[in-house]
Amino acid sequence: MRFPPLLRRRGVLVAVTVVLTLALSGLGFRLWYVGPPGDASLEAGFARDMQAHHAQAVQMALIIRDRTTDRQVRTLAYDIATTQQQQIGQMYAWLDMWGLSQASLEPRMAWMRQGHQNMPGMGQQTAQMPGMATREQLKQLEQASGKEAETLFLRLMIPHHQGGVQMAQAAQGSGQPQVKRMASSILAAQQAEIELMRGMLAARGAAETSPPAAG
């Protein structure tokens with residue numbers, strides 16, 4: 001069966017359009033597809049170390065919840081515990097999805113060199129996780145109560161959040177969209193909570209200094 005010339009031309013145009021669409025779609029996929037990160041990547045290091053960092057924040061939040069009756073402190077502790085525990089679950093799932101172990105032989109914070117490679121002076125900040133409380137400080141928090149516990153909690157959580165902000169800033173150099181979104185979320189939340197906690201400390205007439213570790 002022979003088709004009229006107009007239909008034949010339209011058929012050719014449709015075929016060419018389909019071929020070009022498929023070709024461009026394939027090119028777009030190659031340009032935008034980001035494969036899973038490796039074991040020594042920024043993303044893997046961030047997911048592992050931020051889980052540990054968050055876990056201590058959750059621990060401190062649960063301690064202060066039982067050491068005070070102050071509604072504002074308890075609300076803050078609840079928000080920190082629930083938000084950061086949820087993020088721990090997300091980061092755990094990333095590593096599982098990427099086919100990577102939850103632990104690594106890489107030194108802690110080694111990934112920060114990648115995240116801060118264009119920021120002078122930040123490339124050497126490795127090995128020690130920023131803002132973490134010591135065992136002695138956690139023990140002090142467990143033994144305190146009332147206003148003393150509230151002040152201690154705030155003094156420990158402010159530098160802890162500041163450390164989390166540093167880690168989130170480094171993670172913004174990731175090529176994984178979900179990691180960048182998580183980092184941005186952590187930055188926004190923890191910077192806002194730092195200012196809130198500073199106000200709470202001021203209301204208690206306390207200075208913003210970390211207490212000395214118990215001997």
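The legends below describe close-up views of a predicted model.

**View 1. Helices H3 and H7 pack against each other, their axes coming within 12 Å.** H3 covers residues 71-97 and H7 covers residues 177-203. Their axes cross at roughly 165°, which makes H3 roughly antiparallel to H7, as angles over 145 degrees count as such. The crossing of the two helices is left-handed.

**View 2. Residues from both H3 and H7 make the contact between these helices.** On H3 the contact is made by Gln72, Val73, Leu76, Ile80, Gln84, Gln87, Gln90, Met91, Trp94 and Met97. On H7 the residues are Gln178, Val179, Met182, Ser185, Ile186, Gln190, Glu193, Leu196, Met197 and Met200. By type, the residues of this contact are twelve nonpolar, seven polar and one charged.

**View 3. Phe46 and Trp111 form an aromatic pair.** The count of aromatic pairs in the model comes to two. In the pair of Phe46 and Trp111, the ring centres are 5.6 Å apart and the planes stand at 75°, so the pair is edge-to-face. Phe46 belongs to helix H2 (residues 42-65), while Trp111 lies in the loop between H3 and H4. The pair thus links distant parts of the chain, 65 residues apart. Phe46 is buried, with a relative accessible area of 0%, and Trp111 is also buried, at 3%.

**View 4. Met109 has a positive phi.** The phi of Met109 is about 70°, although this residue is not a glycine. Met109 lies in the loop between H3 and helix H4 (112-115). Its relative accessibility is 0%, so Met109 counts as buried.

How values were computed
Residues numbered from 1 in each chain as written. Predicted model: local features only at pLDDT ≥ 70, side-chain atom pairs only at ≥ 80, totals over all residues. Heavy atoms only, no water. Axes fitted to C-alpha atoms, helices over the stretch in contact; angles between N-to-C directions. Helix = DSSP H or I, 4+ residues; strand = E, 2+ residues; numbered from the N terminus. Parallel < 35°, antiparallel > 145°, perpendicular 65-115°, else oblique. Left-handed = near helix turned anticlockwise from the far one by under 90°. Contact = heavy atoms within 4.5 Å. Nonpolar A, V, L, I, M, F, W, Y, C, P; charged D, E, K, R; others polar. Buried < 20%, exposed > 50% of the residue type's maximum accessible area, 1.4 Å probe, protein only. Phe/Tyr/Trp six-rings, centres within 6.5 Å; stacked < 30°, edge-to-face > 60°.
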